[in-house]
Amino acid sequence: MSVPVIEARGVRKRFGDHDVLRGIDLSVGTHEVVVLIGASGSGKSTLLKTMNLIEGIDDGQIFLSGEDITDPRVDADAVRARIGVVFQHFNLFPHLTVLDNVTLAAVRVHGMRKTEARTKARALLDTLGLGAKADEYPDRLSGGQQQRVAIVRAVLTQPEVLLLDEITSALDPQLVGEVLDLVRELKHQGATIVMATHEMSFAREVADRIVFLEHGVVVEQGPPSQVFDAPQQAATAEFLARVQH
Amino acid sequence: MTSTSVDAEWQPSELELSRRALRRRATTRSVLIALGSSVALAVVLIVVVVNTPGWAIVSQTFFDPQVALESIGPIFQGLLVNLLVLAIAVVCVAILGTLLATMRSLRGPVFFPLRALAAAYTDFFRGIPLLIVLYLVGFGIPALGIFPRMPPMFWGTIALVLTYSAYVAEVLRAGMEAVHPSQRIAARSLGLTHGQTLRIVVIPQGVRKVVPALMNDFVSMQKDVGLISVLGAVDAVRAAQLMVAETYNFTPYVVAGLMFIVLSWPMIRLTDVVTARLNKREQAGGVV
């Protein structure tokens, strides 16, 4: 079996007197789409943040393509440059145009030539119907458009893995679809994705594997059909009953 | 939140312990490097200064221990005058500054004259050098002959208050404008009047946002109280000046300068601490 793109082994994280992650083991293979589900506070977001080294961990290890990125000697900036992240609140830079937002990391971090980055970004934005917005500032865009720009910003440098942290939670319901369409498209292009979401029907459709977290541990994981239709654990069944009405 | 808490039985693994040791060693190393480079820099500076051709004369004229010792008493007496002026001025600036900021933030055409007046005031006093305000107030107003004779310290305080109120008013106004409009809307939706909204919701939040800037103005005022010496008030600077005139030795100026530094230092440190704490609260949820 090939080396996992990202792998967590026994990851623990404590905030004050609260254990948020209590020994998480999770392995994500190339081209795999893993969807994290669970109640608020179950540790989904924290797990994604530790994978990107935004949060340090208190025990365990995280590997990116076989390299231990939780070793203190590792250059965290270099690791983050290899990972794409999209946040709940988009976090586009309001003082930069869409095009500058999208090409920032490619030019400043990855040393791509500016003209090349802009050409590539424009082409990508065009295919998403955002070409006309390339020279606008983020506040002129709808939430859905902003989030799609944020995704383009994350994928332009072809990261090894894409971390999506509840990317539709801050959107109006009618704008959720366009963002999820883009995630679907990325999956078809073979992206490796770890995603935390509350969109259960989307999770079922797009995920290769569902991971259910509760109180900072992986309670159950498996293909969507198994987790959603025949959960093995009582906690999973209970959670699904609550969120699916 | 959920019912999770701390796992009592969890012990850090060997790996985690070795990582912590590694981080500790890295910290120790950077502290040692910082210490080493600081000492090296200090040595270089001292060697360079001491070896300048004029050092012998400079050390005699500016750093004479005998003169320094003699000047401490009178200068400290003067510093008490500075402190008194500062204490009174701070209170007056807080009141006048808040008043001006509130005037500038009044809405509605009825209040146009007040708004215009406040704007003109802040423009004028932020533009004019403090030294000129001191001369105009300190020598001009008494010359009108309508006020009873007042000590120069009194007019110096007035001049400081006039100038610093303009600065503080602008800082406060910036803070009030930085409070998100949704807060105003929420307050008005509860039925609070414009005045109540300002007093109970906007000003408390606005002030909090600009605490570092206000403290910075305070530090700057702490040393500007020394300028009242130009009016003849015998404060720390004036006391030093008198001694310099007697001895032709500049050491008293150095002593006065050191006293002002000692006076302002606690406030400067406190400003840093408060600023750091505010930043931490604003950036809750991220470590990068």
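Predicted model: local features only at pLDDT ≥ 70, side-chain atom pairs only at ≥ 80, totals over all residues.
Colleague: What makes B:Ile146 exposed?

Modeller: A residue is exposed if 12 or fewer other C-beta atoms, placed from the backbone, lie within 10 Å of its own; 20 or more make it buried, and the range between is partly exposed. B:Ile146 has 7, so it is exposed. B:Ile146 sits in the loop between α5 (130-143) and α6 (152-178) of chain B. From the C-alpha atom of B:Ile146 to that of B:Gly156, ten residues along the chain, the separation is 18 Å.

Colleague: Why does B:Ile128 count as partly exposed?

Modeller: B:Ile128 has 14 C-beta neighbours inside 10 Å, so it counts as partly exposed. Its loop lies between α4 (112-127) and α5 of chain B. B:Ile128 and B:Asp217 are 89 residues apart in sequence, and their C-alpha atoms are 17 Å apart.

Colleague: What is the phi of A:His31?

Modeller: A:His31 has a positive phi of about 65°, although it is not a glycine. Most residues other than glycine have a negative phi. A:His31 lies in the loop between β2 (18-28) and β3 (33-37) of chain A. With 13 other C-beta atoms within 10 Å, A:His31 is partly exposed.

Colleague: Where is A:Asn91 found?

Modeller: A:Asn91 is in the loop between β6 (83-86) and α3 (98-108) of chain A. A:Asn91 is not a glycine, yet its phi is positive, about 55°. It has 14 C-beta neighbours inside 10 Å, so A:Asn91 counts as partly exposed. A:Asn91 and A:Glu32 are 59 residues apart along the chain, with 26 Å between their C-alpha atoms.

Colleague: Which residues have the most contacts inside the largest nonpolar core?

Modeller: They are A:Val35, A:Leu36, A:Leu163 and A:Val194, in a core of 65 residues. A nonpolar core is a set of buried Ala, Val, Leu, Ile, Met, Phe, Trp, Tyr and Cys residues joined through C-beta atoms within 7 Å. A second, separate core has 33 residues, including B:Ala101, B:Ala166, B:Leu172 and B:Leu198.

Colleague: Which residues does A:Val194 touch?

Modeller: Leaving out residues up to four places away in sequence, A:Val194 touches A:Ile6, A:Val28, A:Val34, A:Leu36, A:Leu48, A:Met51, A:Val161 and A:Leu163. Contact means that two C-beta atoms, placed from the backbone, lie within 7 Å.

Colleague: At what angle do helix α5 and helix α6 of chain A pack?

Modeller: The angle between α5 (residues 143-155) and α6 (residues 173-188) is about 20°, and their axes are 8 Å apart. Axes are lines fitted to C-alpha atoms, for helices over the stretch in contact, with angles from 0 to 180 degrees between N-to-C directions. Under 35 degrees is roughly parallel, over 145 roughly antiparallel, 65 to 115 roughly perpendicular, and the rest oblique. α5(A) and α6(A) are therefore roughly parallel. In their contact, residues of α5(A) including A:Ile151 and A:Val155 meet residues of α6(A), among them A:Leu182 and A:Leu186.

Colleague: How do α7 and α8 of chain B cross?

Modeller: The axes of α7 (residues 181-189) and α8 (residues 194-209) come within 10 Å and cross at roughly 155°. That makes α7(B) roughly antiparallel to α8(B). B:Gln183, B:Arg184, B:Ala187 and B:Arg188 in α7(B) meet B:Thr197, B:Val201, B:Val202 and B:Gln205 in α8(B).

Colleague: Within what distance do the axes of α5(B) and α6(B) come?

Modeller: They come within 9 Å and cross at roughly 135°. That makes α5(B) oblique to α6(B). The contact includes B:Leu134 and B:Ile141 of α5(B), and B:Trp155 and B:Leu162 of α6(B). Its residues divide into eleven nonpolar, three polar and no charged. Here Ala, Val, Leu, Ile, Met, Phe, Trp, Tyr, Cys and Pro count as nonpolar, Asp, Glu, Lys and Arg as charged, and the others, Gly among them, as polar.

Terms used: Residues numbered from 1 in each chain as written. Chains lettered and ligands numbered in written order. Helix = DSSP H or I, 4+ residues; strand = E, 2+ residues; numbered from the N terminus.
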